[in-house]
Amino acid sequence: QVQLVESGGGLVEAGGSLRLSCAASGRTISSYAMGWFRQVPGKEHEFVAAISRTGVMIYYGDSVKGRFTISRDNAKNTGYLQMNNLKPEDTAVYYCATHQVVLTTPQYSYWGQGTQVTVSS
């Protein structure tokens, strides 16, 4: 079992930045790929970014390419999502998730509870 806790969400003006963290416990995340997804009410999870166990493979959703950066620190058992140049359409609940292999679809084994990101115009 892996427990994931997201933090770093909040309210920011358009053009601003936030850094989300995903702290893992229970097992070392070096054994897992990590993904970030977001969801707004009434819609399915949208893929944001994913990173392989070693960080060699990284993927981004089209809507965040060039603005968001995913990273991980296996020594700290933590993953990160740096979000720059935020737009109102980035407003959502952001979730981190882990899985044995890196995926760009939400078929991840373990999920955090989510953190709200709100971008004002």
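These legends accompany close-up views of a predicted model. In this predicted model, local features need pLDDT of at least 70 and side-chain atom pairs count only at pLDDT 80 or more, while totals for chains, interfaces and linings use all residues. Residues are numbered from 1 along each chain as its sequence is written, and side-chain values use heavy atoms, with hydrogens and water left out.

**View 1. The disulfide of Cys22 and Cys96.** Searching the whole structure turns up 1 disulfide (a pair of cysteine sulfur atoms within 2.5 Å). Here the sulfur atoms of Cys22 and Cys96 sit 2.0 Å apart. The link is right-handed, with 65° about the S-S bond. Cys22 belongs to strand S3 (residues 18-25) and Cys96 to strand S9 (residues 92-99), so the pair ties together parts 74 residues apart in sequence. Strands are DSSP runs (E, at least two residues), numbered from the N terminus. Cys22 and Cys96 are both buried (under 20% relative accessible area, 1.4 Å probe, protein chains only).

View 2. S3 and strand S8 (residues 78-83) run antiparallel and are joined by 6 bridges; two strands pair if DSSP finds at least two bridges between them.

**View 3. The open sheet of 4 strands.** The strand order is S1-S3-S8-S7, with antiparallel pairing. Strands S1 (3-7) and S7 (68-73) stand at the edges with a single partner strand each, so one side of each is left without a neighbour in the sheet. On average, neighbouring strands of this sheet are turned by 15° against each other, direction ignored (axes are lines fitted to C-alpha atoms, and angles run from 0 to 180 degrees between N-to-C directions).

Definitions and conventions
Buried means under 20% relative accessible area, exposed over 50%, partly exposed in between (1.4 Å probe, protein chains only).
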